[in-house]
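Colleague: I am new to this structure. Could you take me through some of the terms used for it?

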Amino acid sequence: MRTLRRAGAAVTAGLPAWIYLPAALGAALVTVPLAAILLRIDWAQFVPLVTSESSRAALVLSLKTAAASTLVCIALGVPMALVLARGRFPGQSVLRAFVLLPLVLPPVVGGLALLYTFGRQGLLGQYLEVLGIRIAFTTTAVVLAQSFVSLPFLVVSLEGALRSAGTRYDDVAATLGARPTTVLRTVTLPLVLPGLVSGAVLAFARSLGEFGATLTFAGSLQGVTRTLPLEIYLQRETDPAAAVALSLLLIAVAAAIVIATASRRLGGVR
Amino acid sequence: MSGLSLRARHRGRGVDVDLDLPDGQVLAVLGPNGAGKSTLLALLAGLLRPDEGRVSLGGRVLTDTATGVFVAPHARGVGLLAQQALLFPHLSVAANVAYGPRRAGRRRGEALATARHWLDAVGAADLADRRPAQLSGGQAQRVALARALAAEPEVLLLDEPLSALDVTAAPQMRRLLRTILRGRTAVIVTHDLLDVLAVADTVAVVEHGRIVERGPVREVLAAPRSAFAARMAGINLVSGTCSEPGVIRTPWGAEVGGSGEVPPGPAVAVFAPRAVSVRLDPPPLARNVIRTAVAELEISGATVHVRGAESPDGQPGVCADLDAAAVTDLDLTPGQEIYFVVDEAQVRLRAALTRN
């Protein structure tokens, strides 16, 4: 391994040369499997495979539901992050721990939990059933499942941004005559916008890749609940070439989102 | 009652203060770090609720724990200028200054006109279109002052507004404050004697969360009764107890005599560093002799400031000003044991402050 030794470059005292080796192994762990799947693609069949009716339905459904769940995450996650970062109430640390739970919970378990909440016999589902509302195994269930697993990404990212931004600008705005809601709109949120964008991107990406909770709670109905990851899993049984082609599509969409926002995310919180 | 009045206790911060400020006067709040100066401002601005207390401004009650009144910060009419300018980084300079007028319900154009007026008043009219990131520290602090004034506060609170500025920007800002604050009601927290002399009418010294000294600037600096004010004014202050006329006895047993009518009880002896001479051997007389060790030697022109070690009860060490030649003859080094001899004719005694 040869490191760059440019004349005039600053010396990084805390970066020993050997550290490049495990770092390179880490990079290989991520990139080699991606290369392996690219090598398996049947390029002649690629376009017909990804434009088949079932593929297009899955892609459109994935993009729609991921967008919807990102909006849900913003609508609910921004207030949660604000309350966790700025509020003071009993049980705050317990709530923070529970919000993080979906990050470490197996998605299948999350799906089961949702089923026992919104299913026909569920905690809330039995009352919704009376009102004629069914959620399980509908597109709404897909959005709920995705929101469940993605919400912590937005909350954690935004809460961190809010904490590092501090409250000093908010205090100044208040002494200039701004009411709390005005402070939030004109100062707090603009200051943490990079953190909010990065949190929303993470939430969208996580929603796009959601599989376990969706399958358990929403099932796999073409055009209704069968998102791209479900379609890939299904095709793998019957048509591995199609599964590989769709995987590339998912990788391409995810990569496009990450790259489009990378500059802002790298900028971090001002 | 018009003017500003604050009586508040906050146990968590160990603060218990009581102070009044007439309309149109500037009060400087002095004190060591952590004494509770910023807490005092936070209590006034409504950024901190006292455990018990009452704050009123121009006849309006802003805080009263007895009746449960607590006016939110945005409705107080109290402006704040902090050590950092804290200009909103996502807004232009003009929009920053127009922020207050906009919140007061002015139209955009009208608010921007107000902003231009105040930017002009602080000499920053040419910066209107810039972003805060493009300003120097001094420019940013000027704009922050314009922003605070544009909101038309009844009282302006300044929390060490010059301490983050460099040596060229600070004097400019100090001159500006001197002009702008004249006739306004303001409270300025500072470490710097120059700030006090430039802008303040009265001064309050805060120590351990209490106001230990309060009065017109000239009086407090000429005849300080607290260790902090004495140090700030460059004067020695030794506290003790007066039991016979003309002499005070310190807790560690030294006796200091001087002039001044003092009733029996806690008293302080005040004397200039020039009234102190240094000896290496014990002098024949016991009175007005302070045995100590050299803590610090500091040269200023042809004068050497010799600071003695802290006294056994924690009072700041006495300071002696000697000619450089005298220091050379004595061959002083830090840590060395010495005897300070104070000229009794130059010592003034006065009654000590009783803490409330």
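Modeller: Here are some questions and answers on this structure, which is a predicted model.

Colleague: What makes up chain B, in helices and strands?

Modeller: Chain B has nine helices and 21 strands. Its C-alpha atoms fill a box of roughly 80 × 50 × 30 Å along the principal axes.

Colleague: How many of the 356 residues in chain B are buried?

Modeller: The share is 43%. A residue counts as buried if 20 or more other C-beta atoms lie within 10 Å of its own.

Colleague: Which strands form the open sheet in chain B?

Modeller: Six strands, in the order β7-β8-β9-β3-β10-β11. The pairing is mixed. From one strand to the next, the twist averages 20 degrees.

Colleague: Why are β7 and β11 of chain B said to stand at the edges?

Modeller: Each has a single partner strand, so one side of each is left without a neighbour in the sheet.

Colleague: How do you know that β10 and β11 of chain B pair?

Modeller: Two strands pair if DSSP finds at least two bridges between them. Six bridges join β10(B), residues 202-207, to β11(B). Glu207(B) stands opposite Arg210(B) in β11(B).

Colleague: Where does helix α4 of chain B lie?

Modeller: Helix α4(B), residues 137-150, lies across β7 and β8 of chain B. Its angle to β7(B) is about 175 degrees.

Colleague: What makes up the contact of chain B with chain A?

Modeller: Chain B gives 17 residues and chain A gives 15. In chain B, β7 (78-81) and α2 (93-103) each supply at least two residues of that side. The chain B side divides into eleven nonpolar, four polar and two charged residues.

Note on methods
Residues numbered from 1 in each chain as written. Chains lettered and ligands numbered in written order. Predicted model: local features only at pLDDT ≥ 70, side-chain atom pairs only at ≥ 80, totals over all residues. Contact = placed C-beta atoms within 7 Å. Helix = DSSP H or I, 4+ residues; strand = E, 2+ residues; numbered from the N terminus. Nonpolar A, V, L, I, M, F, W, Y, C, P; charged D, E, K, R; others polar. Axes fitted to C-alpha atoms, helices over the stretch in contact; angles between N-to-C directions. Buried ≥ 20, exposed ≤ 12 C-beta atoms within 10 Å, placed from the backbone.
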